[in-house]
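Let's work through a few exercises on how two chains meet. Take a look at the model first, then follow the solutions step by step.

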There are 2 protein chains.
Amino acid sequence: MKSLIIGSIAIDNIYTPDAEYKNLIGGSAVYAGISAAKFGEVGVSGVIGAQMSEEIMEFLRANNVLCDYIEVKEGKTFSWSGRYLDDMNLRETISLDLGVFADFSPKLPEKSAEYVLLANISPELQGYVMGKMQGAFFMLDTMDHWITEHRQDLVSMLKGIDLFLLNDSEAQLLSGKRNVIKAGREILAMGPSAVIVKKGEHGALLFVESDIFIAPAYPTENAVDPTGAGDSFAGALLGRISAMGFDKDRLIADMAYASAAASICVEGFGPYVLADASADDICGRVRGFKKALGCNLLD
Amino acid sequence: MKSLIIGSIAIDNIYTPDAEYKNLIGGSAVYAGISAAKFGEVGVSGVIGAQMSEEIMEFLRANNVLCDYIEVKEGKTFSWSGRYLDDMNLRETISLDLGVFADFSPKLPEKSAEYVLLANISPELQGYVMGKMQGAFFMLDTMDHWITEHRQDLVSMLKGIDLFLLNDSEAQLLSGKRNVIKAGREILAMGPSAVIVKKGEHGALLFVESDIFIAPAYPTENAVDPTGAGDSFAGALLGRISAMGFDKDRLIADMAYASAAASICVEGFGPYVLADASADDICGRVRGFKKALGCNLLD
């Protein structure tokens, strides 16, 4: 298997100022998986309970995600209910039931994947996968909970990470720096080869060696549900890197594909709009960036 | 006179989480003036009271700003005290004393300037200047107060505006749209030839005809005081447009100069760091954008 994503598979209930949707397929591995699959072979390692298990497996297979390492277990599927505030960058969790995900122990292929995305799971599990997949290219995502409660586990892992993604508030939390540029540089110094600080609708910054790169968000006026945007971003990046090989000098261009995928993701509730988008739809948005940034005009 | 800025001249007291500075030269016309003067001939129309008047005039002259249309009057100079919160994008006014600025009636040249920046003053005064300077290229800035309290005056002026600048929260307020892309399009439909929505450390968006352009902020880790960033941005844009002529297809490149000037401005308290920067310093940052955006790599 070329690339593998380890993360959550969930059922989401989402409330925004304008709408509410229940029983959406969700989870970091789902969003990242369908996004990565547009660029090449990708599998997911995860766990599902009885609830909606067939629907979820069918959805993933229909979107070219290999499901050999997904286990279906007795018990409840991980479920998350969240509400987005008027400022869609802010959200609050209404309820969270880990179900079978509480005891998640990733099933892994005998032979290591070449490219591995450690999506948002505990640093302990992430470290376990790294031990089993030595020699792979590792992308790492995390969340505020792990930074606050499992800081040492997380930090001790960073030296082995090729590309670390986290959002701006998480970067501030991890580094203790308010300024995101300072925060990004500080986190890069903790060991990863490259760091991406995601800023939601404001795009992302890439820190590699002494350079800073700017990946703007694709401007969409149809943003209705930010859920999964960061995971779609990470998944598309994994897909591009596994298809093209990792090149730190080309990473900023790969991020344009990631931004494009994320912008499509937020245009519908759940992962369905992104699922329906083709690689061509994503490439079309990438072409739009060059004009939108005035690249031909900058000397 | 090639270009003219009509706006405030002030004395600022600024408090941030890390520092406080008193009796700084400030005001929209000051920041915009010294920024525009790096690119060509520019004058300011404004009013100063007795306090610090000589220091302010000397500062402007030393920075190549023509002061023929600045009046020094008996009374207090406009004074503003403000505090930036932990999130430097948020600020609160501690005190504000308009002084002689309360009765500001702009002194204007007999012959109209070619390019006019109507900085943040009342829509009534902005309309007065437009009447006196017919045929000029008009840039317009505003603030939440005028949108809330003088909405009709502001809106009725927009059809005569070539380039309207406002920040994201003001755009949301004026348009009633939470999504800034929707907000920008809505405001463009109100009449201006082009609209720039400024997003502080997240850059700016340009709306012109059916196109959207993205001007990222220059990434600086030394941001200590956001005061005047928007005015420096507008001033540099005025300077570039007056030096090169207005071309809507090149506006996104001109905005790179504006972002560069703003990024230098925020690296010190008051306008002094920007004052010390040369046009070459600004051009250096503009060259940095092309690499930082990966322009050579986007197809």
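**Exercise 1.** How many residue pairs are in polar contact between chain B and chain A?

*Solution.* The count is 14 residue pairs in polar contact, both at pLDDT 80 or more; a polar contact is a pair of N or O atoms within 3.5 Å, where within protein one must be able to donate a hydrogen and the other to accept it, and residues adjacent in sequence count only if both atoms are side-chain atoms. Next, see what supplies the side of chain B that touches chain A: helix H7 (180-188), strand S13 (211-215), helix H9 (251-265) and helix H11 (279-292) each give at least two residues. H11(B) has the largest share, six residues. Helices (H or I, at least four residues) and strands (E, at least two) are DSSP runs, numbered from the N terminus.

This is a predicted model, in which local features need pLDDT of at least 70 and side-chain atom pairs count only at pLDDT 80 or more, while totals for chains, interfaces and linings use all residues. Residues are numbered from 1 along each chain as its sequence is written, chains are lettered from A in the order in which they are written, and side-chain values use heavy atoms, without hydrogens and water.

**Exercise 2.** Which rotation superposes chain B on chain A?

*Solution.* A rotation of 180° with 0.0 Å of shift along its axis does so, at RMSD 0.0 Å (least squares on the C-alpha atoms of residues with pLDDT of at least 70 in both copies). That is the relation of a two-fold axis. Cys295(B) is the residue of chain B that comes closest to this axis, with its C-alpha at 2.6 Å.
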